[in-house]
Amino acid sequence: MLRPAPLNHQPALIRAWFDDAADAVVPLHDGTLATARRAADAYARQAKAENTRRAYRAGVRAWCDWCDLHYLKALPAQPEDIVAFLAHERGRGRSVTTIQLRSAAIRYLHHLAGVALPTQHARVTETIAGIRRAAGLAGEHPRKKAAATLAVLTRILAPIGDDLVGLRDRALLLIGFAGALRRSELAGIRVEHLEPRAGGLQLTLPRSKGARTGAIVTIAIPAGTTAFCPVKAVYRWMEAAGIREGAVFRRVWQPPAGGGHDQTSARSQILGSQAIDPRTVARIIQTRSEAVGFDRGVLGGHSLKRGALTEGMERGVHPTRLKQHGRHKSYAVLDEYLEMGDPFESHPMQGVL
């Protein structure tokens, strides 16, 4: 079970308590009732994805730091203090999405502490609604990352070299596109998740955002007939890096300048043992796209998935197959990933009037 929440204590203690609570480590089974209860509590907290828990930790840290600065109680919080904090965060230039995450983090802090949820107060909900409305009137809208369609992808891939970093990035981009993968799914691929099949590779995802809770998902990665075959690319990377087990996509360090190292040689680079994180996947996509002339921030972590589904739509793949391939729960969510291109082409009223 969680340690009792430090109600009415200093914000620094509350922040430390929440960081520990958000880790949600399941204790080793020993057959005792006390351990079983601690395990059940940890499993309940693991219902939140790691990305969500990371965002909540950041939100609670910001909240506690602000309360400490203004000598306010962080737990339990007062609605008038929460709305002032949210207004402060908006004044600092935080996006509407970040404001909503800050409020959700404070709500989760109180939920774990077992006290009333002040974020349900009308003042809080109305303040968030007002921030959202003001942002809309100011023309501030969430920017979707552009779709990395086949034409975009081949442009990005063309200049990538054959050193370890280049082989890794080429394999990552091609597997991500072929599998319509999210950045977290790409970062989590391990050797045991890849199974050779007659038509290519079968990729097993132990976790997928769009799948039923806890369900294992398998994805077909078809072998290609061009220089951009994703199956050949991933095997070429693994062979060059000597990867036989563990994480497939890993960090690669460049040797220090000088010292007699050939900076262009794959042999001179240093391979890590741990998987890259999802943010590194996004940085790779952004860096490689900027290198061929795309503006900074146009492409990102969702671009490969958007590109794959948009490419399938443009090639006439049935929406049901696209929804299945993208592992989306609904067609409404699928629509968010499709880039429609020219709004006049194939318009339902084209040629009618």
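Is Arg170 buried or exposed? Arg170 is buried, with a relative accessible area of 13%, where buried means under 20% relative accessible area, exposed means over 50% and partly exposed lies in between, for a 1.4 Å probe and protein chains only. The model is predicted, so that local features need pLDDT of at least 70 and side-chain atom pairs count only at pLDDT 80 or more, whereas totals for chains, interfaces and linings use all residues. Residues are numbered from 1 along each chain as its sequence is written, and side-chain values use heavy atoms, with hydrogens and water left out.

Arg170 is found in helix α8; helices (H or I, at least four residues) and strands (E, at least two) are DSSP runs, numbered from the N terminus. Leaving aside neighbours within four places in sequence, Arg170 is in contact with Leu157, Ile160, Gly161, Asp162 and Arg236, contact meaning heavy atoms within 4.5 Å.

Helix α12 (residues 303-314) has 12 residues, and its end C-alpha atoms are 16 Å apart, in agreement with the 16 Å that it should span at 1.5 Å a residue; the expected span is 1.5 Å times one less than the number of residues. Because 10 of the 12 residues of α12 are buried, this helix is largely enclosed by the rest of the structure. The buried residues of α12, among them Lys305, Arg306 and Glu311, pack against α7 (150-157), α8 (164-178), α9 (183-187), α11 (278-291), α13 (319-326) and α14 (331-337). Just after α12, Gly316 takes a positive phi of about 85°.

On a 1 Å grid over the protein atoms alone, a pocket is an open set of points with protein on both sides within 12 Å along at least five of seven lines, whereas a cavity is a set where a 1.4 Å probe fits but cannot get out, and lining residues have an atom within 4 Å of a point. About 910 Å³ of space lies in this second largest pocket, the volume being the space filled by probe spheres set on grid points that are joined across faces, edges and corners. Of the 32 lining residues, Phe177, Ala178, Pro222, Ala308 and His325 lie nearest the centre of the pocket. The lining divides into 17 nonpolar, 10 polar and 5 charged residues, where Ala, Val, Leu, Ile, Met, Phe, Trp, Tyr, Cys and Pro count as nonpolar, Asp, Glu, Lys and Arg as charged, and the others, Gly among them, as polar.

Most residues other than glycine have a negative phi, and most peptide bonds are trans.

The peptide bond from Leu75 to Pro76 is cis, with omega near -5°, and Pro76 lies in the loop between α3 (50-70) and α4 (79-91).

A search of the whole structure finds 0 disulfides, a disulfide being a pair of cysteine sulfur atoms within 2.5 Å. The sulfur of Cys64 is 6.4 Å from the closest cysteine sulfur, in Cys67, which is too far for a bond. Cys64 counts as buried at 1% relative accessibility, and Cys229 counts as buried at 3%.
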